[in-house]
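The following briefing concerns the structure shown below. Please read the points with the coordinates at hand.

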Amino acid sequence: MSEKHINWLFLIPSFISVLPCCRSIEVSIPQKNYRAVSGDDITLTCSFIPARPDNKLIVLTWEAYPLKSGDKIKTVATYFSNNVVDIAPAYEGRAFLEVDLNQQMSVLRLTKVTAQDSRSYQCSVRIPNDDEGTPTATTSLLVLVPPSPPVCSIQGRAEYWQDISLTCKSEEGSPKPVPVWKSYSVDNLPRRFPRYCKGWPIINPQHFLSLFNISREMSGFYICTSTNEVGSASCNLTLAVMPPSMNIGSTAGIIGGVLAGFVFLGILIFCCCRKKGNKDKNAEGYVWYMFM
Ligand SMILES: *[C@@H]1O[C@H](CO)[C@@H](O)[C@H](O)[C@H]1NC(C)=O
Ligand SMILES: *[C@@H]1O[C@H](CO)[C@@H](O)[C@H](O)[C@H]1NC(C)=O
């Protein structure tokens with residue numbers, strides 16, 4: 001509510017400054033949002049109406065504003081009067097700027113866009129004695145990235161009666177890819193998920209497919225397809241559910257522990273026998289009491 005009020009308050013003075021006309025510049029970008037697939041080229045167009053078109057002194061700048069705070073504002077390219085164009089080093093070779101003073105248009109072309117080019121772009125025009133009105137305009141560019149091949153893995157032990165999770169995660173992809181799991185039997189026949197598998201199809205933020213109380217029948221191939229509006233990629237997990245095995249590591253540990261206990265007992269008995277020889281019988285009784 002209060003924000004809306006403030007916006008309106010700001011609009012009033014800008015109307016006043018625009019309405020008198022003819023002494024103020026008007027910069028605009030007709031298209032408010034651009035979309036491109038990564039690797040493609042994109043052309044952003046900005047138009048400007050100077051208050052005094054005869055004035056040939058002009059500086060037109062395109063800047064890239066980060067979508068998330070913390071990143072820096074980057075100057076992409078600047079046009080100076082007499083057709084001097086300066087492309088920022090970070091954009092050298094892949095940004096091209098044209099300004100047509102008769103058409104009152106500027107075109108910024110970005111080639112081979114990447115996810116890092118998903119930004120807000122501002123076109124600003126500076127002309128001496130023509131700084132009232134709207135000297136800047138912005139638009140946004142969303143670069144769509146197809147999902148990278150997902151990394152899939154099994155969390156937990158693939159043994160009878162265990163609960164496990166299958167994970168599927170694409171490192172890249174914009175918008176965020178959605179994983180969809182399909183299962184095939186050991187004979188490679190498609191099948192539905194067992195009924196006690198929570199939720200089907202599975203679409204959750206952790207990219208998990210949870211399987212509860214697994215049995216041998218759940219062995220097979222699990223295919224996760226990670227999809228967004230510009231592509232998809234999949235992985236193929238083989239799940240082989242085994243009988244619960246005696247954990248060899250822990251068995252060895254128990255045997256070792258028992259053996260160590262016996263050795264300790266042996267040493268104690270040995271010490272007591274020696275004490276029996278050296279000292280009186282009360283001491284012996286005391287030691288045995290402690291041990292029991
Ligand atoms: C797990 O599955 C077995 C059969 O495979 C069943 O006997 C057992 O009751 C199940 N356990 C739970 C906790 O659902
Ligand atoms: C998954 O892999 C198995 C063996 O590696 C193969 O037989 C099966 O056809 C694959 N499934 C898909 C859908 O790619």
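A polar contact is a pair of N or O atoms within 3.5 Å; within protein, one must be able to donate a hydrogen and the other to accept it, and residues adjacent in sequence count only if both atoms are side-chain atoms. This is a predicted model, in which local features need pLDDT of at least 70 and side-chain atom pairs count only at pLDDT 80 or more, whereas totals for chains, interfaces and linings use all residues. Residues are numbered from 1 along each chain as its sequence is written, chains are lettered from A and ligands numbered from 1 in the order in which they are written, and side-chain values use heavy atoms, with hydrogens and water left out.

**Surroundings of ligand 2**

- An oxygen atom of ligand 2 lies 2.2 Å from an N or O atom in the side chain of N236.
- The protein covers 46% of the 360 Å² of accessible area that ligand 2 has on its own; such areas come from the Shrake-Rupley method with a 1.4 Å probe, and for residues only the protein chains shown count as cover.
- N188 also approaches the ligand through its side chain, with a polar atom 2.9 Å from an oxygen atom of ligand 2.
- The residues around ligand 2 are N188, F221, I223 and N236, where a residue is included if one of its heavy atoms lies within 4 Å of the molecule.
- By class, this shell has two nonpolar, two polar and no charged residues. Here Ala, Val, Leu, Ile, Met, Phe, Trp, Tyr, Cys and Pro count as nonpolar, Asp, Glu, Lys and Arg as charged, and the others, Gly among them, as polar.

**Overall fold**

- The chain has three helices and 18 strands; helices (H or I, at least four residues) and strands (E, at least two) are DSSP runs, numbered from the N terminus.
- Of the 292 residues of the chain, 32% count as buried. Buried means under 20% relative accessible area, exposed over 50%, and partly exposed in between (1.4 Å probe, protein chains only).
- Among contacts (heavy atoms within 4.5 Å) between residues at least 6 apart in sequence, 61% join residues at least 24 apart.
- The chain exposes about 18,800 Å², of which carbon and sulfur atoms supply 60%.

**Disulfides**

- The structure holds three disulfides, each a pair of cysteine sulfur atoms within 2.5 Å.
- With bonded cysteines counted along the chain, the disulfides follow the pattern 1-2, 3-6, 4-5.
- C46 is joined to C123 with an S to S distance of 2.1 Å. C46 lies in strand 3 (residues 42-49) and C123 in strand 9 (residues 119-126), so this pair ties together parts that are 77 residues apart in sequence. The torsion about the S-S bond of C46 and C123 is about -70 degrees, so the disulfide is left-handed, and both cysteines are buried.
- In the disulfide of C152 and C235, the sulfur atoms are 1.9 Å apart. Because C152 is in strand 12 (residues 151-155) and C235 in strand 18 (residues 231-239), the pair ties together parts 83 residues apart in sequence. The torsion about the S-S bond of C152 and C235 is about -90 degrees, so this disulfide is left-handed. C152 is buried at a relative accessible area of 18%, and C235 is buried at 10%.
- C168 and C224 form a disulfide with their sulfur atoms 2.0 Å apart. The pair links distant parts of the chain, C168 in strand 13 (residues 164-169) and C224 in strand 17 (residues 220-228), 56 residues apart. This link is left-handed, with -75 degrees about the S-S bond. C168 is buried at 1% relative accessibility, and C224 is buried at 0%.

**Surroundings of W62**

- W62 lies in strand 4 (residues 59-65) and counts as buried, because its relative accessibility is 0%.
- The side chain of W62 makes a polar contact with the side chain of S106 at 3.0 Å.
- W62 and Y79 are 17 residues apart along the chain, and their C-alpha atoms are separated by 8.8 Å.

**Backbone geometry**

- Most residues other than glycine have a negative phi, and most peptide bonds are trans.
- The peptide bond from S174 to P175 is cis, with omega near -5 degrees; P175 is placed in the loop between strand 13 and strand 14 (178-184).
- N82 has a positive phi, near 65 degrees, and lies in the loop between strand 5 (74-80) and strand 6 (84-87). N82 is exposed, with a relative accessible area of 73%.
- N83 has a phi near 65 degrees, again a positive value in a residue other than glycine, and is placed in the loop between strand 5 and strand 6. N83 is exposed, with a relative accessible area of 59%.
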